[in-house]
Amino acid sequence: MNINTLQTLGYVTIEYPPALRRLVHNAVRSWERFCLDLPLETKLRFSRHDRVKDFGYMLRDASTGSADNKELFHVRLCDLPKLLDLARGIIQPEALHYIVAANDLLKGIEAFIREFVQAVECKYGLVGFEKLVMESQQTWIFRFLHYFGSEVLAARHVDRGGFTLHLFESQGGGEYLDSNKQWRPWTVDENSTIIFPGLALQQYSRCLLRALEHRVVATPSTVVDGRFAMVAFFDFPHSHRFDDTRFRTQDFAEGQVYDMGPRELDRYFVRRLESAAEW
Ligand SMILES: [Fe+2]
């Protein structure tokens, strides 16, 4: 697996193996049907109704007091037995189709992720990286998104965790801040995924790799048609974590993390006390 541009460009585009491409497409198509064909009360059966412990289906719009205008669904391997149980109790087939497709994707992507983390560990000398990521497989978060259509999609930010996959985007509008601090569009291609580091990997790699600043801007067509997307977050329980009790990544100035050295970045992290089992 060629990951050369991870350091030079800040992200890497990797073509899906055919079997994985089918799993991604199935998951996206069934998410679209879930969103468009099911009534809200059915979707809400997958919600924990708890904004802190996000789980399953979430609606973020004016009716929920949110400035966002979207619906999303979080799937983790550890939640799948419960989600499958819920879906089997729902008459409309779109619910079970979606959960089964998500289940197949989460299980089917393991080898692809392992190959990526092996390549990163080897190329950048990050001893133990593969083991840490693969041991956290039960809590990898797959986020399915449906923006209803509005001016605001995702404001500029860096992701806090290890690394992020942008698995699918139905429309353009995704942009990243390059090393010269210019915003550039990234190419939407349904046959490949974009992978980039988050803050935890920047800290773990002692700034060899940098968290990529990115955003999603509205386009004339997303304002009207909305936007479907699927992303996945891969965190790993290494010795430190971003201290979200004291800091918010949204408060970083544009491009600030690109200029940080390891010692400065460490100020935003605290030693992890909890055990990996709590992840
Ligand atoms: Fe992000």
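Reader: How many of the six residues of strand S9 (residues 192–197) are buried?

Author: A word on conventions: this is a predicted model, where local features need pLDDT of at least 70, side-chain atom pairs count only at pLDDT 80 or more, and totals for chains, interfaces and linings use all residues. Residues are numbered from 1 along each chain as its sequence is written, while helices (H or I, at least four residues) and strands (E, at least two) are DSSP runs numbered from the N terminus. A residue is buried if 20 or more other C-beta atoms lie within 10 Å of its own, exposed if 12 or fewer, and partly exposed in between, with C-beta atoms placed from the backbone. S9 is largely enclosed by the rest of the structure, because the buried count among its six residues is five.

Reader: Which residue in S9 stands opposite Thr-13?

Author: Two strands pair if DSSP finds at least two bridges between them. Strand S1 (residues 12–15) meets S9 in the antiparallel sense, over four bridges. Opposite Thr-13, the S9 residue is Ile-194.

Reader: And what is the bridge partner of Phe-163 in S9?

Author: Here we turn to strand S6 (residues 163–169), which runs antiparallel to S9 and is joined to it by four bridges. Within S9, Phe-163 has as its bridge partner Pro-197.

Reader: What is the bridge partner of Val-75 in S4?

Author: Strand S3 (residues 70–75) runs antiparallel to S4, and six bridges join them. The partner of Val-75 in S4 is Phe-142.

Reader: Which strands stand at the edges of the sheet?

Author: Put together, seven strands make an open sheet with antiparallel pairing, ordered S1-S9-S6-S11-S4-S3-S2. An edge strand here has a single partner strand, so one of its sides is left without a neighbour in the sheet. From one strand to the next, the twist averages 25°. The strands at the edges are S1 and S2 (56–60).

Reader: Let's move to the helices. At what angle do helix H4 (residues 80–88) and H5 pack?

Author: Two packed helices are described by the angle between their axes and the distance between the axes. Axes are lines fitted to C-alpha atoms, for helices over the stretch in contact, and angles run from 0 to 180 degrees between N-to-C directions. The axes of H4 and H5 are 8 Å apart, and their packing angle is about 160°.

Reader: Is H4 roughly parallel or roughly antiparallel to H5?

Author: Angles under 35 degrees count as roughly parallel, over 145 as roughly antiparallel, 65 to 115 as roughly perpendicular and the rest as oblique. Because of its angle of about 160°, H4 lies relative to H5 roughly antiparallel.

Reader: How many residues of the contact of H4 with H5 are nonpolar?

Author: Residues are in contact if their C-beta atoms, placed from the backbone, lie within 7 Å; Ala, Val, Leu, Ile, Met, Phe, Trp, Tyr, Cys and Pro count as nonpolar, Asp, Glu, Lys and Arg as charged, and the others, Gly among them, as polar. From H4 come Leu-80, Leu-83, Leu-84, Ala-87 and Arg-88, and these meet Ala-95, Leu-96, Ile-99, Asn-103 and Leu-106 in H5. The contact of H4 with H5 has one polar residue and one charged residue, and the nonpolar ones number eight.

Reader: Is Ile-99 buried or exposed?

Author: Ile-99 belongs to helix H5 (residues 93–108). Leaving out residues up to four places away in sequence, Ile-99 touches Leu-83, Leu-84 and Ala-87. Because 26 other C-beta atoms lie within 10 Å, Ile-99 is buried.

Reader: Is Cys-207 buried or partly exposed?

Author: Cys-207 sits in the loop between H8 and S10, and has a positive phi near 70° although it is a residue other than glycine. Arg-206, found in the loop between helix H8 (199–204) and strand S10 (214–217), has a positive phi of about 55°. Since Cys-207 has 18 C-beta neighbours inside 10 Å, it counts as partly exposed.

How values were computed:
Contact = placed C-beta atoms within 7 Å.
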